[in-house]
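Have the structure open as you read.

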Amino acid sequence: MKRRQFIYNTSAATLGAGLSSNILAALETMSQVNGEIHAVTGKGADISLLPSELEELKQSLRGRLLLSGNDGYDQARRVLNPTIDRHPALIVQPSGAADVRTATSFANAHELLVAVKCGGHSPSGKSTCEGGMQIDLSQMRGARVDLSAGTCHVAGGSHLRDLDHESMAQGMATTAGTVSHTGVGGLTTGGGFGRLARRFGLALDNVVSVDVVTANGQLVHANAEENPDLYWGVRGGGGNFGVVTNFEFKLHPMSRKVIAGNVMFPLSEMRNVLGFYSEYAASCPDELYLDFIGLSEPGSSEGIVGLHACYSGPVEKADAVLAPIAKAGKPIQNTIASVDYTAIQQAFDENEPRVTGQYMKGGFVEKIPAGLIDEMVAGFKPEFGLFLLFQHSGGAINRIAADATAFPHRYAVANLVCAASWPVAESRESYVAYLRKYWSAMEKYTYGWYTNEVADEKPAVVNRNYQGNYERLLKVKEQYDPGNLFRLNANIRPTA
């Protein structure tokens with residue numbers, strides 16, 4: 001359709017619909033592209049994109065094409081960590097799978113550096129890029145429960161709150177993280193811990209099928225019978241194979257009410273609380289999710305430690321399961337109570353540590369020995385704005401074979417996360433130096449690390465982290481993305 005006729009028809013529809021803000025925004029970005037746009041390829045080469053090429057891309061999209069200076073560009077390029085300030089040459093906001101195919105084909109044809117953004121939670125900023133194409137899935141949100149199948153279809157750009165809201169409305173749930181504005185795509189393809197994971201498995205363990213736009217722009221459906229290698233690889237291989245435009249999750253009947261909250265202790269109780277956690281985290285029932293948390297504010301001389309609990313089992317057993325937690329030390333606060341599950345899923349939304357500048361390290365632990373506790377206590381310096389976390393694993397997660405999905409870390413009792421944070425206006429150097437030293441004392445107690453927390457690790461380190469699944473993952477990568485278009489992740493580099 002000619003551009004003038006397209007604008008005429010769209011304008012007529014807009015008048016009839018009352019000039020919605022979304023349509024006005026779309027019209028705003030339909031002006032002609034003026035001048036070449038400088039961009040970079042995945043291999044770092046400088047290229048120029050011609051106005052005619054960009055105009056053709058724009059006209060082929062139902063969603064938006066954003067260039068620097070367009071309304072919405074700065075909001076789209078930003079991620080949760082405010083110290084990451086990258087400027088894509090162009091941003092595509094797809095309206096659906098067809099637009100994702102168009103964007104991917106364009107990027108592939110020009111060999112562009114590509115970043116895919118869902119929730120923007122990547123601590124190292126993998127969901128944005130400098131000079132490449134960002135595919136921002138923020139317009140692709142929504143969830144639909146299929147009661148007859150016992151599943152929920154979730155659009156690739158959705159946040160976890162979309163999945164929680166629709167599934168719990170039907171008295172059902174599945175594992176969906178701990179912060180509700182997390183993107184479903186990044187969380188699920190890398191693993192997907194959460195308050196229900198010990199009971200129902202990781203988010204990826206509950207994926208029944210996926211629709212994936214691969215590097216050649218094709219939309220591929222994958223499940224246990226159809227394209228099984230891609231289905232296997234997407235569940236733990238992260239964003240290496242393409243853009244997932246739809247997830248189908250298995251749902252589980254569950255009461256809307258859970259028993260959840262925090263028991264907080266002064267920093268002086270850190271050793272006692274960690275000692276308790278090291279034993280109870282390994283022996284408590286699957287229905288209990290229990291995290292250890294240590295917190296301090298940048299520049300402060302004080303800190304606090306605590307245990308975050310969420311029990312989703314039979315109510316009559318709750319007291320016996322939860323009572324030991326308050327005896328871990330001398331608590332100064334206990335908020336454990338009956339609460340709506342969707343409410344506890346949003347409890348950490350405002351306290352998510354990555355809203356400040358942050359440097360993070362992490363690794364899985366099979367057990368929490370006294371030596372690790374000693375290092376955690378001795379090295380804790382509140383003035384560096386610390387966030388310590390043992391994210392609970394085990395239970396149903398570890399009853400799945402290491403090669404059943406691409407996620408191999410089925411041995412861990414917890415994921416240890418250690419981060420320093422600082423005001424954005426301050427230099428990061430002293431915080432990073434401290435955190436590296438602190439982490440070096442703890443790292444020897446870990447084995448493997450969570451791919452969703454990938455930063456600047458060398459390729460050999462990334463490959464080893466996939467453990468026994470690496471060779472199969474490499475074959476899947478070479479089949480679906482031989483040119484490594486999707487490289488901003490825990491990247492599996494094709495050998496060719």
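Helices α10 and α13 cross at roughly 150°, and their axes come within 10 Å; axes are lines fitted to C-alpha atoms over the stretch in contact, with angles from 0 to 180 degrees between N-to-C directions. The two helices are therefore roughly antiparallel (an angle over 145 degrees), and their crossing is right-handed. The table lists the residues that make the contact (heavy atoms within 4.5 Å).

| Helix | Contact residues |
|---|---|
| α10 | M270, R271, L274, G275, S278 |
| α13 | I373, D374, M376, V377 |

This is a predicted model, in which local features need pLDDT of at least 70 and side-chain atom pairs 80 or more, while totals for chains, interfaces and linings use all residues. Residues are numbered from 1 along each chain, and side-chain values use heavy atoms, without hydrogens or water.

M376 also belongs to the largest nonpolar core, of 47 residues, where F292, L307, M376, F390 and Y438 touch the most other members. Such a core joins buried Ala, Val, Leu, Ile, Met, Phe, Trp, Tyr and Cys residues through side-chain atoms within 4.5 Å; buried means under 20% relative accessible area and exposed over 50%, with a 1.4 Å probe and protein chains only. Another core, of 37 residues, lies apart from it and includes V145, V210, V234 and Y470.

Y470 brings us to helix α16, whose buried residues are Y470, L473, L474, V476, K477 and Y480.

Notes. Helix = DSSP H or I, 4+ residues; strand = E, 2+ residues; numbered from the N terminus. Parallel < 35°, antiparallel > 145°, perpendicular 65-115°, else oblique. Left-handed = near helix turned anticlockwise from the far one by under 90°.
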